[in-house]
Every structure is written in structure tokens, then in C-alpha cells.
Amino acid sequence: MGVEGKDKQKVLEAGAVALAGQLGKTVQRLRKASNLSLSELSDQSGVAKSIISQIERNETNPTLVTLWRLAQALDVSIEQVLREDEDSAFIEKISRNDTPLLVSDDGKCRLVITGWSKTIDWLQWYDFFAEPGGVLASDAHQRGAMESLTVLEGELRVESGGETESAVTGDTLRYRADRPHLIRNPADKPARAVMICILRAAAME
């Protein structure tokens, strides 16, 4: 994808202002918000790690092509890279119809994916619903993965590593998810919970 015509002119005009000092901070902030190391952003954008480092320290004036590649890798518009500052507002709305939904094999459990796509490699969170008798069985995640399940309504039971524990409304269960595990609704009423899955610690440079 390229930038042409009036859009290109707008970008160039904005760039003249941004390159005065805010660009480096903005790129670094966007990179950290996406939980990307310098190496990871370099791999995804095709821009050398050393160049990104220089940009973040405001030691170089990047070309338009470089900024475009960084914007693509950070999943933002190039105008955001050029204009965003620390105090700028950020509100993103995902409509109900556009929110992804997963269903268990038995059809009795639903996971509504409310987490941010930018953090999916290391942090995921869901609204979890289970009909009576519903079971959500999961394979082992990567080594060190943990899950946290906070029950909002009803009762849920977690089985992980040969251990079993139940929780009712207001309780939270935390358990290893780097081994096969499952969540079961043992009651005769529906249950609802918030599930957070931590796949790895944020690795920043």
C-alpha cells in the first residue's frame, strides 16, 4: 500500500512538525503499547533495529517509506505516528457483531474475545459463558502460561495438572495453563466469568 496525492501532502506537512521532537517518543510509545521489542518491530517492519533505535532517540530523520513501514507494523495510520503525543486521547470501539466468539466442542460454553489483538501473543482476555454441564477443555499453552478465572455468576470448576478447585460468584481461580486443563459448570444454572490468559511476560528493550 502506498501514499499518493493529497494524502501524501498531508503526511509530509505533518511530518515537518512532528520531526521537531515528538516522533521518537511516539514511535517508542506505540511500540511498547504493542508489546514489541526493537528486534520484533524490526522483523515485522523490515526496518533495521539500529534505525528504529535512532528514530526513538530522535537522532535521525526517517524517510516517508520508513515511517510507512513502521506504521504498518504497528497497525496504526501514518498520521498517528506523525501526530500522536502523550496526552492524545485513545478510544476504540468494537461493535458487538464484530467481537469474535469461540464455542466449546459440546456447544455449551462460549468465549467472547474482548482482548486487544495487539496483545494476543502474550495476554488474552475473554467473557466466558457456560450452560449447565458445559465443559471447555484446552490443550497445554506454552511453558509458563497462567490463566485467571473470576466468576461473575454461578459456579465453575477448574481441573489442571491433576488438581481440581471450584469457585462461586466473586471467587477467582488462578492456575497453570501450560498443561491440559478444563473449565466445567457443575451446577444446574448458567455461569459467567472473566478469563485472562497470560502467555508470557512482556519483553521490552
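## Strands β6 and β9

Strand β6 (residues 155–160) is joined to β9 by 4 bridges, and the two strands run antiparallel. Helices (H or I, at least four residues) and strands (E, at least two) are DSSP runs, numbered from the N terminus. Two strands are said to pair if DSSP finds at least two bridges between them. The bridge partner of Ser-160 in β9 is His-181.

This is a predicted model, in which local features need pLDDT of at least 70 and side-chain atom pairs count only at pLDDT 80 or more, while totals for chains, interfaces and linings use all residues. Residues are numbered from 1 along each chain as its sequence is written, and side-chain values use heavy atoms, with hydrogens and water left out.

## The sheet around β6

β4, β9, β6 and β7 make an open sheet of 4 strands in the order β4-β9-β6-β7, with antiparallel pairing. At the edges are β4 (135–138) and β7 (163–168), each of which pairs on one side only. From one strand to the next, the twist averages 15°; angles run from 0 to 180 degrees between N-to-C directions, and axes are lines fitted to C-alpha atoms, for helices over the stretch in contact.

β6 also pairs with β7, in the antiparallel sense, over 6 bridges. In this pair, Arg-157 stands opposite Ser-166 of β7. The two strands form a hairpin with 2 residues between them, and Gly-161 in the turn has a positive phi of about 60°.

Buried means under 20% relative accessible area, exposed over 50%, and partly exposed in between (1.4 Å probe, protein chains only).

## His-181

His-181 lies in strand β9 (residues 181–184). His-181 counts as buried because its relative accessibility is 5%. The side chain of His-181 reaches the backbone oxygen of Arg-179 at 2.8 Å.

Residues up to four places away in sequence aside, His-181 touches Leu-136, Ala-137, Ser-138, Asp-139, His-141, Glu-147, Glu-159, Ser-160 and Tyr-175. Contact means heavy atoms within 4.5 Å.

## Asp-127

Asp-127 is found in strand β3 (residues 123–130). The C-alpha atoms of Asp-127 and Met-195 are separated by 6.4 Å, although these residues are 68 residues apart along the chain. Apart from neighbours within four places in sequence, Asp-127 is in contact with Arg-110, Leu-111, Val-112, Thr-114, Arg-192, Ala-193 and Val-194.

## Helices

Helix α3 (residues 38–45) and helix α4 (residues 49–56) pack at an angle of about 115°, and their axes are 9 Å apart. On the α3 side, the contact is made by Leu-38, Ser-39, Leu-41, Ser-42 and Ser-45, and on the α4 side by Lys-49, Ile-52, Ser-53 and Glu-56. These residues divide into 3 nonpolar, 4 polar and 2 charged. Here Ala, Val, Leu, Ile, Met, Phe, Trp, Tyr, Cys and Pro count as nonpolar, Asp, Glu, Lys and Arg as charged, and the others, Gly among them, as polar.

In helix α5 (residues 64–74), the buried residues are Thr-66, Leu-67, Trp-68, Leu-70, Ala-71, Ala-73 and Leu-74. After α5 comes Asp-75, whose phi is positive, near 60°.

## The whole chain

The secondary structure of the protein chain comes to 6 helices and 10 strands. Of its 205 residues, 36% are buried. Among contacts with a separation of 6 or more, 66% are between residues 24 or more positions apart.

Key: A polar contact is a pair of N or O atoms within 3.5 Å; within protein, one must be able to donate a hydrogen and the other to accept it, and residues adjacent in sequence count only if both atoms are side-chain atoms.
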